[in-house]
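Hi everyone, thanks for coming. Today I'd like to walk you through one protein structure, step by step.

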Amino acid sequence: MTVTYPPLPHIPWQERPAGCSDVVWRYSANPVIPRNLIPSANSIFNSAVVPYGEGFAGVFRCDNRKREMNLHRGFSPDGIAWKIDDDPIQWRFPDPELSHFQYRYDPRVVWIEDRYYVTWCNGYHGPTIGIGYTYDFNEFVFLENALLPFNRNGVLFPRRINDKYVLLSRPSDNGHTPFGDIYLSQSPDMLHWGEHRFVMGVKSWTWQSTKIGAGPVPIETPEGWLLFYHGVLTSCNGFVYSFGAALLDLEQPWKVIARGGPYLLSPQTQYECVGDVPNVTFPCAALYDQPTGRIALYYGGADTVTALAFARIDEVIDFVKSTSEI
């Protein structure tokens, strides 16, 4: 079984600028979502977007003016102009115990089988991975916390692998984690998670020397699962978040086939370097038009705004393989 990617001829897109040789390039009108798009927001960033109907839907991290972190629903006809609800998503809970939370942030959304699954960092006695679902972006049902605290960057694969759901995550601590590698967990039912595997770790003295974490939902290709992921280095002035890519084995996705050495995008523009948390480019969503190979990447800038970047899948795969350092 392989993932079926519906054509997205209306994917947000801008051709690579003249004279630019970058594998991933920025949208010239960034940021696409400003920090104050809705009245309650202090910032809107690190958010997830998927095709929905004739346009797009998303789950957005919106930190309000009390600096509470929560998830909001949004829709767009073109993936660029967004209408986001000012009120957070109201979840339906099978167990009232799960309705109590400290925060919700950094969502990912993926279509699997018959519904959209949402994963996010859920504050339940510390950070863990919350999992819920929706059929229509109107009613949202919370399932469970997948793992014990402390954990972040929960990202589901878009299909079962060997008849199991598969989740990437980064075990962490209860603070602004100064460490972190990517692991994988498996489940028969999206409730009970085990069979944990190490995927890949940090690389000393590089852009990913402090911690790494899975980004958008992996994209299935004949070459392997294409995973965009963020990496962090600790500079003399704090953390710097960039992102790169790797290829994972299709049937044993804890095995890394290739891993690009250089980053694909790092904080270099004003909206990436200046904000509530300076020097952050943090990818959470990728739209993929399989017929053309075009990819639109949504990423958070400086923990404040949402930006867009573009790539072609064959160029990204060539980059990962040609610069690979495993």
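Let's start with strand β22, which is mostly covered: of its eight residues, seven are buried. Before I go on, please keep in mind that this is a predicted model.

So where does β22 sit? It belongs to an open sheet of four strands, and the order is β1-β22-β21-β20, with antiparallel pairing. At the edges stand β1, residues 25–26, and β20, residues 281–289; each has a single partner strand, so one side of each is left without a neighbour in the sheet.

Now let's look at the partners of β22, one at a time. With β21, how many bridges does β22 make? Strand β21 covers residues 294–301 and strand β22 covers residues 305–312, and the two pair over eight bridges in the antiparallel sense. If you want to find this pairing on your screen, look for Y298, which stands opposite L308 in β22.

Let me pick out V316: leaving aside residues up to four places away in sequence, V316 touches V23, L226, F228, A245, L264 and A311.

Next, the aromatic rings. How many aromatic pairs does a search of the whole structure find? The search finds 27. One example is F93 with F142: their ring centres are 5.5 Å apart and the planes are at 40 degrees, so the pair is tilted. F93 lies in the loop between β6 (91–92) and β7 (104–112), while F142 is in strand β10 (residues 140–145), so the pair ties together parts that are 49 residues apart in sequence.

Are these two residues buried or exposed? F93 is partly exposed, because its relative accessible area is 23%, whereas F142 counts as buried, at 1% relative accessibility.

Another tilted pair is Y241 with F282, at 6.1 Å centre to centre and with 50 degrees between the planes. This pair also links distant parts of the chain: Y241 is in strand β18 (residues 238–248) and F282 is in strand β20, 41 residues apart. Y241 is buried, with a relative accessible area of 9%, and F282 is buried too, with 5%.

Back to F93 and F142 for a moment: both belong to a cluster linked by ring pairs, made up of Y52, F75, W91, F93, W111, Y116, W120, F137, F140 and F142.

Last, two charges over rings. The charged end of R104 sits over the ring of F101, at 3.5 Å from the ring's centre. For R115, the charged end sits over the ring of Y133, 4.5 Å from its centre.

Terms used: Residues are numbered from 1 along each chain as its sequence is written. This is a predicted model: local features need pLDDT of at least 70, side-chain atom pairs count only at pLDDT 80 or more; totals for chains, interfaces and linings use all residues. Side-chain values use heavy atoms; hydrogens and water are left out. Two strands pair if DSSP finds at least two bridges between them. Rings of Phe, Tyr and Trp (its six-membered ring) pair if their centres lie within 6.5 Å; planes under 30 degrees apart count as stacked, over 60 as edge-to-face and the rest as tilted. Buried means under 20% relative accessible area, exposed over 50%, partly exposed in between (1.4 Å probe, protein chains only). A charge sits over a ring if NZ of Lys or CZ of Arg is within 6 Å of the ring centre and within 35 degrees of the ring normal. Contact means heavy atoms within 4.5 Å.
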